Amino acid sequence: MVNVKTLLASAALSAALALPAYAQVSEVVIGVIEPMSGAGAQTGIDAKAAMETALDIINEDIDIGLPLGPGAGLPKLGGAKIKLVFADHQADPQKGRAEAERLITENKVSAIIGAYHSAVAAVVSQVAERYQVPFLAADSSSPSLHRRNLKWFFRTSAHDEMFSQAMFDFYKDMKEKKNITVDQVAMFYEDTIFGTDSSNIQRKLAGDRGIKVAGDIKYRANSPSLTSEVQQLKSSGAPVLMPSSYTTDAILLLKTMGELGYKPQGIVAQAAGFAEQAFLQAVGDKAEGIISRSSFSLDLSEKRPMVAKVNEMYKKRSGKDLNDNSARQLMAVLVMADAIDRAGSIKNEDIRGALQKTDIPGDKTIMPWANVRFDENGQNTGATPVLIQVQDGVYRSVWPFETASRPVVWPIPAR
């Protein structure tokens, strides 16, 4: 005699087994490693607000033309929500290593995003490689990061080679289109992987373009004084300064320049600290006329209204506008979530495969990028840089000239 209860139980079990895998997933956990305390704390605080803004777009039904905006959650995972777990690396690579291991072994994250400081990203990505967890560099720009034959490393934004190329293309355009010649520069860079990689690239590009490096100053990161270094810069006589510094150093540099009366014709910075609101607030009108490379320009909203909508969402959380760093951090979460959704899985290998196949058009981002497509090294080849300049206390896009929202001001105006 057939047991009806047994048949029903068997049928229920078969039905459960036939359900798609996403039926068992209600939440996807992603780890974030950023500087939440110490000298870079404001960057980490802003990153948290930016990434949580991305969560609003993903987890709620906010259709503004970005990936995963329509509908709530990840559709191919049954509406599963993204959860971010934040870790503080305190600008210390070894702290970053420990936090990455904790996120992977204790929090069981499906991926990691970070880490602003390239020196930290170098270590964290090695941990991710060992555990075979996808790592997405949102805001670390050292070009050496994607040249280590890592399988699990990806980067959405441009690296310093791409950014520096843009700077020297700007000098070329200045000569050809505005009859302004830049034939000498002074380099000023901190002594971690970010500064040294940046200087190596700029030194080579200067040589290739026939531009003299009249000053080549390496300094200790987070130095209490830059008086000697600024005196050397002033003595070099170079009309253009090219600094690579994080926020506290950038502030100290500008204040010391003011004290010593050093004023070059132009300052073309490798973003980082020069793109922070804290920098603009700290140095006031001393920032006027500074040019910085960037992955983002808020005035893109004049052509792409959704940028203004996303900025308004971010501003409600942070009290400030998106900048080069926070925009990259926001986009990194969207790109990672898009890959996880397309994978339809939280398995590490499936997510990695989906990241490799990423193809997001530029107009589906808040960036001036051509697209998001990763090459065999995990680098987004479509991350097109722009140059922005502080004009009346606000960063405006000034290069490429054909897409700029404002004409470049040169030399730096008198203060």
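## The largest pocket

How much space lies in the largest pocket? The answer is about 370 Å³. A pocket here is an open set of points on a 1 Å grid over the protein atoms alone, with protein on both sides within 12 Å along at least five of seven lines. Its volume is the space filled by probe spheres set on the points, which are joined across faces, edges and corners.

This is a predicted model, where local features need pLDDT of at least 70, side-chain atom pairs count only at pLDDT 80 or more, and totals for chains, interfaces and linings use all residues. Residues are numbered from 1 along each chain as its sequence is written, and side-chain values use heavy atoms, leaving out hydrogens and water.

In the pocket, 19 residues form the lining (they have an atom within 4 Å of a point). Leu298, Asp321, Leu322, Val394 and Tyr395 lie nearest the centre of the pocket. Strand β14 (394-399) and helix α9 (277-283) each give two or more residues to this lining, and β14 gives the most, with three. Helices (H or I, at least four residues) and strands (E, at least two) are DSSP runs, numbered from the N terminus.

## The cavity

The structure also holds one cavity of 30 Å³ or more. A cavity is a set of points where a 1.4 Å probe fits but cannot get out. About 60 Å³ of space lies in the largest cavity, and its lining includes Tyr116, Asp139, Phe194 and Arg293.

## Helix α2 and its partners

Two packed helices are described by the angle between their axes and the distance between the axes. Axes are lines fitted to C-alpha atoms, for helices over the stretch in contact, and angles run from 0 to 180 degrees between N-to-C directions. Helix α2 (residues 41-59) packs against α11 (residues 324-343) at about 40°, with the axes 8 Å apart. Contact means heavy atoms within 4.5 Å.

With α10 (residues 305-318), the axis of α2 comes within 9 Å and crosses at roughly 130°, so these two helices are oblique to each other. Asp46 and Ile57 in α2 are among the residues in this contact, as are Tyr314 and Arg317 in α10.

Definitions and conventions: Angles under 35 degrees count as roughly parallel, over 145 as roughly antiparallel, 65 to 115 as roughly perpendicular and the rest as oblique.
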